[in-house]
Amino acid sequence: MSAVQQINRDDFLDGLVRCWPDVAAQDAAWLKALRARAAGRVAALHFPDRRDEEWRFTDLSALRELNFEPAPLQKLQAPFADFERLIFPEAAATRLVFVNGHYAPELSDTHDVPPGVTLAHLKGQGATHDLAASTHLAQHADVNHEVFSALNTSLFPDAALLFIAQDVVCERPLHLLFISTAQQTPLLSSPRCLIISGRNSACTLIEEYVGLGEGVTFTNAVSEIVVEEGAHMQHVRVQDEGREAFHIANNTVTLARDAHYQSINVTLGARLSRYTLGVVHHGPGTECSVDGLALISGRQLADTHSVIDHAASHGKSTQLNKCIVDESAHAVFNGKIVVRRDAQLNDARQQSRNLLLSARARVNAKPELLILADDVKCAHGATVGQLDEEQIFYLKCRGLSETAARNLLTYAFAAEVVEKIPLVSLKTRLRAVILERVHASTETA
Amino acid sequence: MSATLDSLINRPYTAGFVTPVESDSAPKGLSEDTIRLISAKKNEPEWLLEFRLKAHKHWLTLQEPQWASVHHPKIDFQDMVYYSAPKTKKKLASMDEVDPELLRTFEKLGVPMHERKTLANVAVDVIFDSVSVATTYKKKLAEVGVIFCSFSEAVQEHPELVKKYLGSVVPQGDNYYAALNSAVFTDGSFCYIPKNTRCPMELSTYFRINNQESGQFERTLIIAEEGSHVSYLEGCTAPRFDTNQLHAAVVELVALDNAEIKYSTVQNWYAGDENGVGGIYNFVTKRGMCRGVNSKISWTQVETGSAITWKYPSCVLLGDNSIGEFYSVALTNHRQQADTGTKMIHIGKNTKSRIVSKGISAGESSNSYRGLVRMTPTAHGARNHSQCDSLLIGSRCEANTFPYIEVRNPSARVEHEATTSKIGEDQMFYFSSRGIGSEEAVSMIINGFCKDVFMQLPMEFAVEATQLLGLKLEGSVG
């Protein structure tokens, strides 16, 4: 009986990972070896269920019941209807676009990429960047233990590469756009990013996932980011996939001595989304600020897991994660702060703020501290609640209607995160999206 | 500063002696026969035996839980004595007939067993290994209708109450150790406060493990009827052995309409030596049910002993407007491991809960707070505030915080905050510049850190806890 269950349980993974030799047909030897190893790990690991502590509140059984196929190469007619909406004027000619994980040259534009910056895709490079790619690819993501990272590594059709050379300050924001398109059959896309910002460099990166069309899709993304000594990176990540989509993403960030990393993650779409962020402070004097906003409604589930690992001394981290949960949506936040043995003089702060707008909405928050060094300052806070009646009353006294007051407060709650986004056009767009969602929710209420 | 800290921390464990009493023990091992033997020895009614056997049957299907942040070798449940009682020749008629050896033991531990000598207002039930040896002030309590006696006695004399409430808060199959306890529990305290009665004195149970090979499985049941009030204290010690003993207790509290139960624990089981050899495994299930409206259950614990502590005193807030509180100080030193916290399950309207947890880790110990706050969809207007602070002393120790927050009602409000810090050089400087030595300074800082919790303890316990903490930490601040 248990043997039968075992087989059924991993049918989903086996069915997908079986395709890896086809994907790898054109690959260099090192990449083939990497994929073979990852495929082996997929076979050895099991599909997570709610008995796994990491997946306790996020039920993937709906995903497992569907039959996905790795998405084939598909050409989108450019410019299609909504494409203009997806382009930022600041990054109009510094963008790479991938459709279902495949590079889309007809949608990409890289002619403004300054010298010292490489914005490319793995398949198009021949051997030019093989050395950097082979040194770093799958070396930071946990391919050995995390089944979705392993699955992505065995199946990704192409990878976005962004390399910033030493001492280069890239003024223009760089835009990586991943589009998933819904088809008749449910498709799996495996987008992959490798980003290396060299010593004392600086850049701003927008990583964006959008869905086109109505239908079930499954995006399983993996990003690896290396911030070398003294480098600064700003990273904005937006997930706005279709309402039927499944989105699972793993992002691993490695910080060397004195590196700065600032990230803002905005989750708007997908029926079920899971974002796992790992930031490892490898060198002393590193700083990171990791913020998140999830704005969900309907039957959406948004899960954010983060691990901020202070492996060296004199580090600093701040985190603000906010969720606005409406209708029957369900938000999950699990934020772990680890201070390793002898990693002294670290300062880590974490805030989890959750706003429930409906009686059916649900939040699971689990902020964790694991502290193994004594000379540190670590604090976390978590709150869950609804809008403050006194604040609403205050605004009503000043002539706002109940609805307007609620909308304003909800918007302000979200704005604290959105306002940190360095890109004006993206900020404007998100403000509009939030206002629209907030209004929609009060109209239906 | 480190020298004073070392001497502070490494004070000997004064309760670590063994009492040479002849004991009547069951053979090692756990089977249905052991359970029947325990039940027969205690002359139990059939329904209680059924309760035990059902629990045992369920226990066999369970797996030992692995999720806690503690490490220990696998426990061999067959290499353990499940029943051990000091030999008595006949039924005791009064306190004066208690074995003088036992009396001396508790005298040495500072537990008052002579009514005339007692601290002004505390009634004590003393549990030695598997059985209750004496309960003081029974008569005085009986005058106001309060029943306070050993569990075995309650089974004989008040079976209807025991039957009604046993397992109503912690069911037989609740978890691995609760199931084990339900199968083999030997004794414990039973307390019943009738309607609209305020218990005239503090009730207290003192637990003592003496036998090297026995596990202690006691069961405590406290029932507070409508409008009643009781304050209950629990203390525990064990001798120093180089083997580990298992202590798997179950405590059930039931508070009906407008009732209030205050439950305080000072836990000082033997913690093992500095290399982590020996000590008690303290795997306890404690849960209170605020069944009635406006009822209140308040847990206060000072956890300083045990090689491994694993307990989560919880409140189920069923009645509207009921209140749950949890105040905890957990101190770990050397190789001790503590994974402790609470669960607050809000079900009724306008229920409130407050959690204050202070963890102090020193040496190479590991101290974790693990808590759950759950707001069910019916918990309209419920409130929770949690505060978990950790203090680290030394660079080899570990402090973890794992709070789970689950909210399914938008009008509920949950707030959680946690901090981790050490005793700062500037704090020490402040004291030394005012002529206060480092040892005293550390003790003052720690007492200040724990003040929110100590304030909740009854007077006698607060003094004891403060001293205990001082003893435990002697020599650990550097």
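A: What follows is a conversation about this model, which is a predicted one.

Q: OK, what ipTM and pTM does the predictor give the complex?
A: The predictor assigns the complex an ipTM of 0.83, together with a pTM of 0.86.

Q: And chain B, what does its pLDDT average?
A: The mean pLDDT of chain B is 83, and 85% of its residues score at least 70. Within chain B, confidence is highest in strand β19 (residues 343-346), at 96, and lowest in helix α1 (residues 2-9), where the mean is 45.

Q: Which residues of chain B stay under 50?
A: One such stretch is residues 89-93 of chain B, for which the model has 2 contacts beyond four places in sequence. Residues 116-120 of chain B are also below 50, and that stretch has 5 contacts in the model beyond near neighbours in sequence. Where pLDDT is low, the predicted coordinates should not be read in detail.

Q: Switching to chain A: why is strand β12 described as largely enclosed?
A: Strand β12 (residues 246-255) of chain A has 10 of its 10 residues buried, so the rest of the structure largely encloses it. Burial applies to both faces of β12(A), with F246(A), I248(A), N250(A), T252(A) and T254(A) on one side and H247(A), A249(A), N251(A), V253(A) and L255(A) on the other.

Q: Which strands does β12(A) pair with?
A: β12(A) pairs in the parallel sense with strand β10 (residues 217-227) of chain A over 10 bridges, and A221(A) has A249(A) as its bridge partner in β12(A). β12(A) also runs parallel to strand β14 (residues 272-281) of chain A, to which 10 bridges join it, with F246(A) standing opposite L272(A).

Q: What about helices, how do α3 and α6 of chain A pack?
A: Helix α3 (residues 29-44) and helix α6 (residues 147-155) of chain A pack at an angle of about 145°, with their axes 8 Å apart, and the crossing is left-handed. The contact involves residues including L34(A) and A38(A) of α3(A) and A150(A) and L151(A) of α6(A), and by class the contact has 7 nonpolar, 2 polar and 2 charged residues.

Q: Last topic: how many residues does each chain give to the contact between A and B?
A: Chain A contributes 32 residues and chain B contributes 31. On the side of chain A, β20(A) gives the most, with 10 residues, and the residues of that side divide into 17 nonpolar, 7 polar and 8 charged.

Q: Where does β21(A) come in?
A: β21(A) runs antiparallel to strand β24 (residues 413-422) of chain B, and 7 bridges join them; C378(A) has T420(B) as its bridge partner in β24(B).

Notes:
Residues numbered from 1 in each chain as written. Chains lettered and ligands numbered in written order. Predicted model: local features only at pLDDT ≥ 70, side-chain atom pairs only at ≥ 80, totals over all residues. Axes fitted to C-alpha atoms, helices over the stretch in contact; angles between N-to-C directions. Helix = DSSP H or I, 4+ residues; strand = E, 2+ residues; numbered from the N terminus. Left-handed = near helix turned anticlockwise from the far one by under 90°. Contact = placed C-beta atoms within 7 Å. Nonpolar A, V, L, I, M, F, W, Y, C, P; charged D, E, K, R; others polar. pLDDT = per-residue confidence, 0-100. Buried ≥ 20, exposed ≤ 12 C-beta atoms within 10 Å, placed from the backbone. Pairing = 2+ DSSP bridges.
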